[in-house]
Amino acid sequence: MNAFSSTETDHGVNLLSVKNIAKTHGEKRLFTDITFGINKGEKLALIGANGTGKSTLMKIICGEMECDEGEVYRNNSLHLAYLPQNPVIDPGQTVLEHILSGDSLLIKTVRSYESCLSRLHSADPGDQEKLQHELAALSRRMDEVGGWTMEHKITSVLEQLGINGLDAAMGTLSGGMKKKVELAKTLAGMNNCIVLDEPTNHLDLETIEWLQDYLVATDAAVILITHDRYFLDGVCSKILELEDGGLTGYQGNYSLYMELKAKRLEEQATRQVRIGSVLRQELEWLKRSPRARGTKDKKRVERVYDLMDSTDSQRASAMEFSVTNRRLGKRILEIKNISKAFGPVRLIDGFSYSVKKGIRIGIVGPNGSGKTTFLKMLMGQQPPDTGRIDIGVNTRFGYFDQLSESMNGEQTVMGYLKEYADEIKRENGETANIRSLLEEFQFPVYQHHSKLKFLSGGELRRLYLLKILLPAPNFLLFDEPTNDLDIQTLSLLEQFLDKFDGCVMTVSHDRYFLDRTADFLLIFDGEGGVQGYPGSYSEYARYRKEQQKIEAAETQKPDSRVRHNTDQKKLSFKEQKEFEALLPAIENLEEQKAGLEAFFLDPVPAVLAEKQELYTRVCREIADKTARWEELADRAG
C-alpha cells in the first residue's frame with residue numbers, strides 16, 4: 001500500500017511526522033510501515049473500517065501509546081491537544097477544574113491564578129493581604145506566559161458551547177454536556193495541533209455545525225477521526241485511509257476522496273481482469289508440471305499464490321445485506337396526547353402522532369430534549385405521564401440502543417449471534433446462515449470464533465446492529481446508530497434501509513445519515529414542544545436559517561417613534577471598496593480550488609507537495625474571505 005507523506009515546504013512547517021511505524025494488538029497485526037506527516041494549518045482526516053487501528057494510531061501520534069516499530073518525530077514548536085474517543089473524567093471535579101487540569105506551564109499558571117482568586121473572595125480579613133500579594137505575583141506570571149489570552153479563549157469557547165455552571169460536578173452532567181466540556185478543554189489551550197477522535201459523538205446538531213465552522217477557521221493543524229461525512233467534507237483537505245494494514249492518502253475533502261477512490265478501484269478492477277488471465281495460465285502450468293513445483297521455479301509457484309491472494313481480497317470487499325421482515329398491519333403505531341416530565345423539566349407536552357406505513361422519521365433536537373426518552377416510551381421502557389401509546393398487533397420493533405447492551409467479553413462472535421437466530425430468510429426467499437451474514441457484515445472468518453473482549457468498540461456496535469436485524473423486525477428504532485460505526489458499515493446500513501419496506505425512526509446527530517434515511521422530521525425544542533417538518537434534514541436546516549434571518553431582521557427594525565443614529569453602522573468608504581472586491585476574489589479562489597481538485601484526479605508527483613500546500617491555503621482564504629463578506633454584507637443591509 002502506498003504511504004502518503006507530508007513534507008516541509010517553503011509555505012508550511014512540519015509539526016509532526018511518523019516514519020515506518022507498526023503496531024500489533026494481541027495476535028492481530030493492525031498496521032505496518034505507516035509514514036505520513038502534518039504541516040502547520042493542515043486539516044487531515046483518518047478513516048477506515050472498525051478495528052483497523054485508527055484510534056491506536058492516534059494514541060501513538062499523541063504519545064499515549066508506544067509503537068512496536070518506527071519513530072514519531074515532533075517539532076519543538078509542536079503544542080498538541082488530544083480529545084480521545086472515551087475520555088476519562090473524575091466525577092468529583094468541577095467543570096472548571098476539569099478544563100484547567102493539565103501539566104503544561106500555561107495551564108498550571110492559569111489554574112493557580114483561578115485558585116488564588118477563589119480563595120481571596122472567601123478569605124478572612126487577616127489572610128487577605130497575603131493572598132493579594134500572591135495574586136499580584138501570579139498576575140505578573142500570567143503576563144509572562146500569555147495566561148490572559150488563554151483565559152479569554154476559555155471564556156469564549158465556554159460561552160459559544162453554552163456551558164454555564166462551572167461549579168457543577170462532572171459526574172452530574174449528561175453525556176452531551178460532558179462532551180462539550182471535553183471539547184472546551186481541548187480547544188481552549190494555546191495549541192497549534194488539535195487531534196480529535198470521534199468529536200461529534202453525543203453532540204447535538206447545532207454544536208456539530210459550530211465545531212465544523214470552528215475547525216475550518218482555526219489556524220491550528222487538525223487530525224481527526226469521524227464517521228460524519230458532511231463534517232469530513234466541510235473541514236478536511238486531506239484524507240488518510242487505513243486499510244489492509246497500510247495507509248493511502250487522498251488530497252482533497254471527502255467528496256474528492258470518493259472520486260479518487262472510485263478511480264483507483266476501477267484501475268484495480270482492470271488490473272484484476274489481467275491478473276485473472278495470467279492466473280489461468282499459471283494454474284495450467286502448475287497442473288502440467290507437478291514435478292517442477294517441488295524442484296524448479298519456486299518463484300513462479302509463489303507468484304501464483306500471490307495472484308490468488310490478490311483476487312481473494314478483491315472478492316471480500318463486495319457486500320450486500322438484506323433480510324425479509326414481517327408484514328405490517330393497518331394500524332402500526334398511534335401516539336395519543338402523551339406528556340413526560342422529570343421534576344420541573346418538561347420534555348414532551350401533549351404530543352400526538354399516527355405512524356403511516358413505510359415512513360422514515362428523523363428525530364432531532366438539542367441534548368436533553370427527550371429524544372431517547374421518547375424512544376424508550378415507544379418500547380415500553382418508560383411510561384408516559386399522561387396519554388397512551390397503541391402498538392399494532394403486527395408491529396415488531398427492532399431497537400438499536402444508544403449505549404448498546406452489556407456483552408460478555410468471554411463469549412465468541414458466533415456464539416453471541418446464535419443466541420438470537422441460526423439463520424435468516426433473504427428477500428429472494430433463500431436462507432443464509434450466521435457465518436455468511438458475519439462475512440457480509442465485515443467480520444472475516446478468522447474473527448468468527450474470537451472473543452468479544454478482543455473486538456474494538458466499533459466492531460461491537462456493528463455486531464449489536466446485526467443482532468437487532470436478525471429477528472426480522474418491521475419497525476426499526478435507532479438511537480444514535482452512527483456512534484462508533486465506520487463509514488463502510490454506515491453505507492451498508494443505508495443501502496439496507498433503502499430496500500427495507502417497514503418503518504424507520506432515527507434519533508441521530510449525523511446529518512448525512514439523516515438525509516439518506518429520513519424524509520420526515522420530528523423536532524424536539526427542549527421545552528416540551530414537538531413539531532413536524534416534511535423533508536430532509538438539509539432542507540430543514542436551510543429553512544431554519546432563513547427563519548432566523550427573518551426573525552433577526554424583524555428585531556432590528558427601528559421603531560418609527562424613536563430616532564436612531566445608524567450612521568456608525570454604515571460601511572466606511574474603505575470598507576465599501578473592500579466589500580465590492582470580496583466576491584470577485586472569492587470566485588477566483590473557487591476557480592483555483594476547482595483547478596487544484598482536477599489536478600489531484602491525475603497528479604504529477606514532482607509538484608504534488610507544492611499543490612497540496614497551495615490547496616490548504618486556498619481553502620483557508622475562501623473561508624476567511626467568505627466570513628468577512630458575510631460580516632460586511634450584514635452591515636451593508
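Asn-201 lies in the loop between β6 (193-197) and α7 (205-217), where helices (H or I, at least four residues) and strands (E, at least two) are DSSP runs numbered from the N terminus. The model is a predicted one, in which local features need pLDDT of at least 70 and side-chain atom pairs count only at pLDDT 80 or more, while totals for chains, interfaces and linings use all residues. Residues are numbered from 1 along each chain as its sequence is written, and side-chain values use heavy atoms, with hydrogens and water left out.

With a relative accessible area of 3%, Asn-201 is buried; buried means under 20% relative accessible area, exposed over 50%, and partly exposed in between, for a 1.4 Å probe and protein chains only. Not counting residues up to four places away in sequence, Asn-201 touches Lys-179, His-227, Asn-483, Asp-484 and His-509, a contact being heavy atoms within 4.5 Å.

The chain as a whole may now be considered. It contains 20 helices and 20 strands. Of its 637 residues, 47% are buried. Among the contacts in the chain with a separation of 6 or more, 68% are between residues 24 or more positions apart.

In soluble globular proteins, nonpolar side chains tend to be buried together. The largest nonpolar core in this chain has 52 residues, a nonpolar core being a set of buried Ala, Val, Leu, Ile, Met, Phe, Trp, Tyr and Cys residues joined through side-chain atoms within 4.5 Å. The residues with the most contacts inside this core are Leu-211, Leu-215, Leu-224, Leu-232 and Ile-239. Helix α3 (residues 105-121) gives the most to the core, with 6 residues. Leu-215, when its neighbours within four places in sequence are left aside, is in contact with Lys-43, Leu-196, Val-222, Leu-224, Phe-231 and Val-235. Apart from this core lies another, of 32 residues, including Tyr-416, Ile-468, Phe-478 and Val-504.

Helix packing comes next. Helix α3 packs with helix α4 (residues 125-145) at an angle of about 155 degrees, their axes 9 Å apart; axes are lines fitted to C-alpha atoms, for helices over the stretch in contact, and angles run from 0 to 180 degrees between N-to-C directions. That makes α3 roughly antiparallel to α4, since angles under 35 degrees count as roughly parallel, over 145 as roughly antiparallel, 65 to 115 as roughly perpendicular and the rest as oblique. The crossing of α3 and α4 is left-handed; a crossing is left-handed if the near helix is turned anticlockwise from the far one by less than a right angle, and right-handed if clockwise. Residues making the contact include Leu-106, Val-110 and Tyr-113 of α3, together with Leu-131, Leu-135 and Leu-138 of α4. By class, the residues of this contact divide into 12 nonpolar, 5 polar and 3 charged, where Ala, Val, Leu, Ile, Met, Phe, Trp, Tyr, Cys and Pro count as nonpolar, Asp, Glu, Lys and Arg as charged, and the others, Gly among them, as polar.

Met-150, Lys-153, Ile-154, Val-157 and Leu-158 in α5 meet Ala-184, Leu-187 and Ala-188 in α6. The contact of α5 with α6 has 7 nonpolar, no polar and 1 charged residues.

Individual residues within helices may also be examined. Thr-489 lies in helix α16 (residues 487-499) and counts as buried, at 1% relative accessibility. Leaving aside its neighbours within four places in sequence, Thr-489 is in contact with Asn-50, Gln-442, Arg-462 and Leu-465. Lys-59, in helix α1 (residues 54-61), is partly exposed, with a relative accessible area of 32%. The C-alpha atoms of Lys-59 and Pro-84, 25 residues apart along the chain, are separated by 8.2 Å.

Backbone angles complete the account. Most residues other than glycine have a negative phi. Asp-244, although not a glycine, has a positive phi of about 55 degrees; it lies in the loop between β8 (238-243) and β9 (246-251) and is exposed, with a relative accessible area of 72%. Asn-337, likewise not a glycine, has a positive phi of about 55 degrees. Asn-337 is found in strand β10 (residues 333-342) and counts as partly exposed, at 46% relative accessibility.
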